Amino acid sequence: MRPLISFTLDQDTEEMCSTLTAFAESRLGAPETFDAEDFRRRWLLAGRQGVTGTCVPDEFGGSGMDAVSAAALMEALGRGCRDTGFTFSVAAHLYACLMPVVEFGTTEQKKRWLPALASGELIAAHGITEPGAGSDAFSLRTRAVRDGDRYVLNGEKCFTTNAPVADVFLIQAVTDPEAGYFGVTSFLIEAGTPGLTVGRPYDKVGLRGSPMADVHLQDVAVPADQVLGAEGGGAAVFTSSMRWERTCLFAAYLGGMRRLLDSTVDHVREREQFGAPIGSFQAVSHRIVDMLMRYESARLMLFRAAVGLDEGSQDEVGPALAKLAVSEAAVQLGLDAVQLRGGLGIVDGEAETFLRDALPSRIFSGTNEIQKNNIARALGLGRAPHRRRTAR
């Protein structure tokens with residue numbers, strides 16, 4: 001009988017993870033303010049380490065890794081890089097943008113886009129969320145109208161990660177308003193295309209190292225050969241990207257959790273009150289054990305979902321459970337780390353920063369409430385979302 005879960009890393013991957021963590025600690029840093037030039041400098045450094053294209057096939061400039069190995073490297077990057085926002089941007093680029101091209105792109109599209117994106121020479125952004133289409137991801141107002149051998153796009157995207165620095169945009173737009181789920185199409189659009197503009201970067205509570213902004217599309221003409229997948233196949237592209245994102249992207253948070261857990265253990269060993277290290281107090285030691293349990297449990301769920309990706313599973317429950325487990329554990333671990341540091345927890349720049357970076361994890365990639373709805377529906381509970389379909 002095949003084991004329920006089995007994931008192991010070969011020696012080369014283990015060594016790569018150790019090297020990447022050390023590299024991130026020494027070279028990537030955590031700037032206090034965002035600077036686009038410095039961001040690109042660090043991005044190119046990360047690209048040279050292979051992390052911007054880990055699971056892109058070798059023939060298109062990537063490392064050809066499977067999902068388990070790619071998740072392990074993302075965890076290693078998150079452990080070494082204190083700028084969780086930067087790590088988040090790298091992961092969003094790879095899993096929400098490059099993997100859709102790998103899975104749905106034509107040979108010509110792969111040759112055109114993937115080598116420079118995988119090397120870190122170019123940065124990608126995926127635009128789907130709109131002011132009126134968040135959790136209801138397919139209530140999009142952005143429209144794409146066929147005009148000969150091109151499409152003309154009009155609309156607006158918000159909360160678009162990497163938008164201020166992106167060279168390539170993956171944009172979801174409605175091509176058939178009456179077809180609902182089957183009326184969305186994906187487009188690859190170069191930055192600088194007339195009519196495509198990016199708003200001012202957001203000032204966010206967390207993930208400050210990840211640039212995010214609105215994207216405006218006004219009569220943007222896109223050649224038909226820049227459709228990713230078939231017309232009407234945008235929902236499949238988006239669903240696949242979320243399967244990758246909800247699994248491998250969240251490995252970055254595992255790395256940050258491990259780093260914060262280790263530093264918190266060091267703190268409670270060294271901090272003395274009432275003549276003893278505070279780690280010897282049961283209230284403190286039990287909280288540390290709970291932190292470790294949440295981290296280890298979330299890690300198992302994430303790597304189990306990564307195994308599913310490698311096996312070609314179309315299951316959405318595993319990635320949804322992984323996303324839930326990691327995001328909830330990250331927020332609680334951040335709260336615990338702040339509490340155990342006392343006053344230092346809100347001024348030391350480590351625990352409180354990670355907590356702020358963890359807060360958005362319960363919202364992006366589909367809110368945790370939506371994940372629970374999806375899981376419940378897979379169990380035969382609840383009701384399916386309304387999808388308009390035309391007779392075919």
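## Surface patches, paired strands and loop residues

Val 347 is found in the loop that joins helix 9 (317–341) to helix 10. The structure described here is a predicted model. Val 347 has a relative accessibility of 60% and therefore counts as exposed, since the cut-off for that class is over 50%. Together with Leu 344 and Ile 346, Val 347 forms a nonpolar patch on the surface. The accessible area of these three residues together is about 320 Å².

Helix 1 (residues 11–27) makes the greatest contribution to the negative patch, namely 3 residues. Asp 10, by contrast, is located in the segment before helix 1. With a relative accessibility of 46%, Asp 10 counts as partly exposed, because this class lies between the limits of 20% and 50%.

Strand 5 (residues 184–190) presents another kind of setting. Of its 7 residues, 6 are buried, so strand 5 is largely enclosed by the rest of the structure. Strand 5 pairs with strand 4 (residues 168–174) in the antiparallel sense, over 7 bridges. Strand 5 also pairs with strand 8 (residues 227–228), again in the antiparallel sense, over 2 bridges. Phe 187 takes part in both pairings: Phe 187 is the bridge partner of Ile 171, and the bridge partner of Phe 187 in strand 8 is Val 227.

Phe 274 has a positive phi of about 55°, although Phe 274 is not a glycine. Ser 365, likewise a residue other than glycine, has a positive phi near 65°. The loop that holds Phe 274 lies between strand 9 (272–273) and strand 10 (276–277), whereas Ser 365 is in the loop between helix 10 (351–358) and helix 11 (368–378).

Are these two residues buried or exposed? Phe 274 has a relative accessibility of 80% and so counts as exposed. Ser 365 has a relative accessible area of 7%; because this value is under 20%, Ser 365 is buried.

| Residue | Relative accessibility | Class |
|---|---|---|
| Asp 10 | 46% relative accessibility | partly exposed |
| Phe 274 | 80% relative accessibility | exposed |
| Val 347 | 60% relative accessibility | exposed |
| Ser 365 | 7% relative accessible area | buried |

Technical notes: Residues numbered from 1 in each chain as written. Predicted model: local features only at pLDDT ≥ 70, side-chain atom pairs only at ≥ 80, totals over all residues. Heavy atoms only, no water. Helix = DSSP H or I, 4+ residues; strand = E, 2+ residues; numbered from the N terminus. Buried < 20%, exposed > 50% of the residue type's maximum accessible area, 1.4 Å probe, protein only. Pairing = 2+ DSSP bridges. Patch = residues over 30% accessible without salt bridge, like charges linked within 9 Å, V, L, I, M, F, W, Y side chains within 5 Å. Areas by Shrake-Rupley, 256 points an atom, 1.4 Å probe, with all protein chains shown as cover. Salt bridge = Lys/Arg side-chain N within 4 Å of Asp/Glu carboxyl O.
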